[in-house]
Amino acid sequence: MPSDRPLHGLRVVDLADEKGELCGRLLADLGAEVIRVEPPGGARSRSLPPLHAGQSLYFAYRNANKRGLVLDLDEAADRQELHRQLAASDALIESFAPGSLAARGLDHGEILARHPHLVLTSITDFGQTGPYRDWAATCAVMDAVSGQVWKAGLPDREPLIPPGAMGYDIAGTTAAYATLLACVQRLRTGAGQHIDLSVLEAEAQCTDWSYPGASLNRNRGVEFTEMRNGSGPVYSIYRCKGGFVRLVVLSPRQWRALWEWLGSPEAFDGPHWEQFLSRLMNADVLTTLYEEHFASMTMEEVCSEAQRRGIVCTPVLAPEQVLANEHLVSRGTFVETEVAPGLRGRVAAGFHEVDGERQGIRERAPELDEHGPALRAQRLEPREAPGKPAPAAAPLEGVRVLDFGIGGVGVEAGRMLAEYGADVIKIESRTYPDFIRVVMGGEMSSSFASSSRSKRGFGVNLKTDAGRRVVRALVEHADIVVENNSTGTMAELGLGWDDVRRINPRCSMVSSQLLGSHGVWADWIGYGPSTQPLGGLVHLWNYPDADFPAGSQAIFPDHLAGRQVALAALAALLRRERTGRGSHCETAQIETVTGMLGDLLLKAGLEPGSVGPRGNRSERGAPWGAYRCAGEDQWCVITVRDDADWVALRGALGDPAWARDARWDRAADRLAAQDELDARLGEWTAAHGRYEVAHQLQARGVPAAPMLTGTGMLDDPHFGARGFEREVEQQDLGRISFEGPAFRATGMLDARIEQAPRVGEHTREICRELLGMGAPEVEELIADGALEISPPPDEAA
């Protein structure tokens, strides 16, 4: 029976190594045939930690579901075999340094001239252009320069690099999205194209809203600080019996529920305490109150009772607790399977479900050249060449999306689709506003503007029968419905998946609930950062000597989960092309966290107790970490991968006598004495600016980069040279700089980046042009409160 997975029939050649390897894995999970091509000695990633019994779990996790082929691209015969494979494939993924493939006779332009049908996705650290194009990097370096590091850790200690391979896996996800975007476009044109994807820009898009927020403050002349402060005042961590919980109390309703649970203390009664700002100003007093109340309760008891009362609370779990968690077990978040030859373990099952079927690991990662003989002997049918060259276009032109997103996940998915041509209609109501729209007190904020730019606004009260009738009419004209509401909300409104497919069988729905739509905690409420503690991220993103979670103010995984949702939407469009029907794709936000920590959680299951907070240290090499530089809170991340990097670092330092000591010549000895090495290196960096340190080390090929904040990214010359900053005059805010695209593509128009809409700004226009409604009917619905416009009727009058 033919596979019903969304990407069945798609064939991909995967040359990515270390950076972006998750791209091919995601495509394979969704049904594509992915051929992992390695050099004769094996991919570099086969040696990357975490390791178990001599095998790289990094490689095993990111190369599941792929087929293995060895080709020596320095040999003409093997290059010819690569071309034979490409002729019968739809996409090529590669992560060679700029110019490296051309030096092997595989120039991007020549590849596309020979295979004009091919989508060629290049994943590099800094992109194919710009002043940092040839800089050496590791994932830790990219985390620093992209704005991911500065929000993590305590103000009196060094900032914290995230655990795992966050930057490279974000880039892999974005690369998978870009690749499918080009495949959707090829349905119309038949033509392939080259995609230049930068890890830097992909990750910078996912570091909250610090970039547009910094630009708005600067443009308004507002003084502001950019300093890490643990988990911060919004997503705070509190002690309880035997552990910690993340408690989030934002709304007056949440505070009243908590106040009653605390015994209704008279000292904290009244409207004053219902205001978030008032509680923020008294955080120390409230922390003591909360922790005294929680002292006799375990994590599970605190969270269960809080959730029963409608209060957002989740437990801080260590990796072994994540693997055993009752909700994740009930969902099948982890599966026991072979992950490498002769090695079985519990591993994150996958990021997506489609029509109730998990899109995840089915086959272990391949041995070196495991499928080579069969692939070389296979008779291949070349893909059809396109006709005349097609002009650059918006790949999603003609696609209509209804965006019911709130917060960061659904709206980010809608934004990604809108920027590449889809008509994205933001469905919302003043009665139940998107909280990031009103977080600053008005009806527009920098965070909302960033995530809902380039959309049209449709105001409707879905609590009214008339409002629901209009929205059901919109579904008839939609290709995709995006939603990340609480479990069951859409079905209660008569807009669940069963309703959508009955109204429009060709429409797909992409959903993202906090903990997924099924499982014993499926009805738990929260925000994206509520998944960090439950998924193990809060525990691991910490100093090794800390007795309390240091925390990060990052709202991860909201932006990344949004990209996973957008990826699923494109997979659904491609599946519809083959089957004629829509799909229901689900991406649980908690499984974005566990998926990003997949190899670390796998090791924790294989070697209990082996995976814990490492601070900024890495098994890969030493010295490795964030080093203080001259100036106030200025840092540079430096990573020494091997002995060659060590020799180069010594040269950059002027080869001082202490560094020439023979005991530093071996990586094992350097790893054993990291405290001393860090102190020595820190003395040198403290005397130099962060950019000076980075440039001196990069001149010798040592991976290093300055830690950048939102303001730092606005001022950085490489971001500027790449055109990342997109300045927009945003209504109700003024001049603001949005994050630019993560990739450039030869066949696509530039990303469409325009201002975000007001509530109901386009309600009349959409009713008239799309639904064919007459003006009297529309005005009556507005007057009755079923439809909403901007400005509201009372203000307009």
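Tutor: Helices H10 and H13 cross in a left-handed way, left-handed meaning that the near helix is turned anticlockwise from the far one by less than a right angle, and right-handed that it is turned clockwise. Helices here (H or I, at least four residues) and strands (E, at least two) are DSSP runs, numbered from the N terminus. This is a predicted model, in which local features need pLDDT of at least 70 and side-chain atom pairs count only at pLDDT 80 or more, while totals for chains, interfaces and linings use all residues. Residues are numbered from 1 along each chain as its sequence is written, and side-chain values use heavy atoms, with hydrogens and water left out.

Student: OK, and at roughly what angle do H10 and H13 cross?
Tutor: Roughly 55°, and the axes of H10 (residues 252-261) and H13 come within 11 Å. That angle makes H10 oblique to H13. For the wording, angles under 35 degrees count as roughly parallel, over 145 as roughly antiparallel, 65 to 115 as roughly perpendicular and the rest as oblique. The axes are lines fitted to C-alpha atoms, for helices over the stretch in contact, and angles run from 0 to 180 degrees between N-to-C directions.

Student: Which residues in H10 and H13 meet?
Tutor: From H10 you have Trp255, Leu258 and Trp261, and they meet Leu286, Tyr290, His293 and Phe294 in H13. Contact means heavy atoms within 4.5 Å.

Student: Let's switch to sheets. In what order do the strands of the open sheet come?
Tutor: The order is E9-E10-E11, 3 strands with antiparallel pairing. At the edges are E9 (236-240) and E11 (312-315), each pairing on one side only. Neighbouring strands in this sheet are turned by 30° against each other on average, direction ignored. Two strands pair if DSSP finds at least two bridges between them.

Student: How many bridges join E9 to E10?
Tutor: There are 5, and E10 covers residues 243-248. Ile237, for instance, stands opposite Arg246 in E10.

Student: And which helix packs on the sheet, touching E9 and E10?
Tutor: That's H13 again (residues 283-294), and its direction makes about 40° with that of E9. Helix H14 (residues 299-308) lies across E9, E10 and E11, running at about 160° to E11.

Student: New topic: how many salt bridges does the structure hold?
Tutor: It holds 71. A salt bridge is a side-chain nitrogen of Lys or Arg within 4 Å of a carboxyl oxygen of Asp or Glu.

Student: Give me an example. Which residue forms a salt bridge with Arg358?
Tutor: Glu591 does, with the closest N and O atoms 2.8 Å apart. Glu591 lies in helix H27 (residues 589-596) and Arg358 in strand E15 (residues 357-359), so the pair ties together parts that are 233 residues apart in sequence.

Student: Is Glu591 buried or exposed?
Tutor: Buried, with a relative accessible area of 2%. Arg358 counts as buried too, at 18% relative accessibility. Buried means under 20% relative accessible area, exposed over 50%, and partly exposed in between (1.4 Å probe, protein chains only).

Student: What about Glu38, which residue does its side chain meet in a salt bridge?
Tutor: Arg46, at 2.7 Å, N to O. Glu38 counts as buried at 1% relative accessibility, whereas Arg46 counts as partly exposed at 25%.

Student: And Arg670, where's its partner?
Tutor: The side chain of Arg670 meets Asp643 in a salt bridge of 2.9 Å, N to O. Arg670 is in helix H30 (residues 667-672) and Asp643 in helix H29 (residues 643-652), so parts 27 residues apart in sequence are tied together by the pair. Arg670 is buried, at 1% relative accessibility, while Asp643 counts as partly exposed at 38%.
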